[in-house]
Amino acid sequence: MRKVRVAVVGCGNVAEKYVPHLQRSTAVDLVAVCDPLVDRARSFAQAYTIEHTFQDIDQMLSTLDFELLANLTPMPLHAPINRLALEAGRNVWCEKPIATDLAEAQALLSLAQQHSVGLWSAPANPISPPFQFMAQALSTGTIGRVFAAHGIIGSSGPGWPGSAWFYQKGGGSLFDVGVYNVTLFTGLLGPAQSVVAMAGTAIPQRIINGEAITVEADDNTALLLDHGNAVYSVIQAGFVYAAQRQDWTVQLIGTGGALTMGGYAWEPEEISVYRGDQVRAPGQWETFRPQGQATYVWQSGATYIAECLAKGEKPLLSGEHAVHVLEAMLAAKRAAKTGSRVQISSTFPWPLLAHERTTTIGRKAI
Ligand SMILES: NC(=O)c1ccc[n+]([C@@H]2O[C@H](COP(=O)([O-])OP(=O)(O)OC[C@H]3O[C@@H](n4cnc5c(N)ncnc54)[C@H](O)[C@@H]3O)[C@@H](O)[C@H]2O)c1
């Protein structure tokens, strides 16, 4: 397999996870790291033997030959940095969300098309073996036709130094953790057509690093997605959930059975399946640990895209899905604010079954 030259922009917490994951792939040549806090970039370069360090993204894009940018900067910088990289003819993997504004996200997709490069964004959970196991089960009718799904995801909320922004405008539990279930349910049940929602601030003040902060974003959201044909999914995402059973956080119910997913949707774990039409005790469910489950981690996305580029394979993930998830979340916020049902107009290539990928993408010459 040929190696794809990759550069990382943003050398913070998330880069600590991404960089070693990228470095382990035989398809990746991690050639540069970039951060205005240049000591951060240098320490990554030293620890992982990365040849180039940059302080400025424009300089990296104009002077270095590479094929894929992993954008791991703070949320407000996702769209502007994605734009610069796409204009410079680079493929882009971006941490979630792809942009904070829907029009900008759609403009970025058009820009990628115009420059014949790809744009993808976290979450990457549709490539995880448990997701694929569930998608196969749905497509083969293992539990009949599925009309109902629900998932609950969250925690007591971030509290580490530097985490105040999670509670400020643009943060919130829906965008931080609900995004994983919105990706999961749209990925399994198909694009959402409309949404109703409730969202609120349950705990108006938090202490972060010894300092009191006012909570401006939602810390408790419930939304109901309509996937068409009377298929509905319910998602709850909060920073006010102290405890939850981890052996199932997601359930899908069909006309011929039901299945549950263990773990949270950022790193799905075992799947339990019941075939039949009775209410059954846990002992009567079959539990599966899909092959490769343990190798999937939430930071897999950039490495996966690099590997697809190296193999000339069309990725299962798409920028269209990321934009759809963004639209669904923004629509949920609007629905919660106005108390009305909000339509969702975007869509994406679906279903997301790994074995159905037939077309290929080529290498963009830079
Ligand atoms: N922290 C988490 O647990 C987590 C998990 C999943 C996803 N994410 C997402 O990943 C992204 C990064 O999160 P993080 O926790 O690593 O943030 P962070 O603040 O730790 O790191 C961001 C880095 O980007 C750098 N940066 C700022 N401006 C820049 C610029 N113009 N050019 C290049 N670099 C610049 C900062 O100096 C910093 O080193 C966020 O969008 C976040 O939502 C975070």
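## The ligand and its surroundings

Helices are runs of at least four residues that DSSP assigns as H or I, and they are numbered from the N terminus. In this predicted model, helix α1 covers residues 13–24 and supplies three residues to the shell around the ligand, the largest share.

The shell holds 20 residues in total, and those that come nearest to the ligand are Gly10, Gly12, Asn13, Val14 and Glu95. Sorted by class, the residues of the shell are 12 nonpolar, four polar and four charged.

## Division into domains

The protein chain is divided into two parts: domain 1 spans 4–121, while domain 2 is made of 125–296 together with 325–343. The centres of the two domains, taken over C-alpha atoms, are separated by 28 Å.

Eight residues from domain 1 and six residues from domain 2 take part in the contact between them. On the side of domain 1 that touches domain 2, six residues are nonpolar, one is polar and one is charged.

## Helices α6 and α7

Helix α6 consists of residues 129–139 and packs against α7 at an angle of about 30°, with 9 Å between their axes. Angles under 35 degrees count as roughly parallel, and α6 and α7 are therefore described as roughly parallel to each other. Their crossing is right-handed.

From α6, the residues Phe131, Met134, Ala135 and Leu138 meet Leu184, Gly187 and Leu188 of α7. The contact of α6 with α7 comprises six nonpolar residues and one polar residue, with no charged residues.

## Helices α7 and α9

Helix α7 runs over residues 173–189 and also packs with helix α9, residues 319–338; here the angle is about 120° and the axes lie 10 Å apart. This angle makes α7 oblique to α9. The crossing of these two helices is right-handed.

On the α7 side, the contact is made by Leu174, Phe175, Gly178, Val179, Val182, Thr183 and Thr186, and on the α9 side by His324, Val325, Ala328, Met329 and Ala332.

## Summary

Helix α7 packs with α6 at an angle of about 30° and with α9 at an angle of about 120°. The shell around the ligand, by contrast, includes four charged residues.

Note on methods
Residues are numbered from 1 along each chain as its sequence is written. This is a predicted model: local features need pLDDT of at least 70, side-chain atom pairs count only at pLDDT 80 or more; totals for chains, interfaces and linings use all residues. Axes are lines fitted to C-alpha atoms, for helices over the stretch in contact, and angles run from 0 to 180 degrees between N-to-C directions. Angles under 35 degrees count as roughly parallel, over 145 as roughly antiparallel, 65 to 115 as roughly perpendicular and the rest as oblique. A crossing is left-handed if the near helix is turned anticlockwise from the far one by less than a right angle, and right-handed if clockwise. Two residues are in contact if their C-beta atoms, placed from the backbone, lie within 7 Å. A residue is near a molecule or strand if its C-beta atom, placed from the backbone, lies within 6 Å of it. Ala, Val, Leu, Ile, Met, Phe, Trp, Tyr, Cys and Pro count as nonpolar, Asp, Glu, Lys and Arg as charged, and the others, Gly among them, as polar. Domain bounds come from an automatic or database domain assignment.
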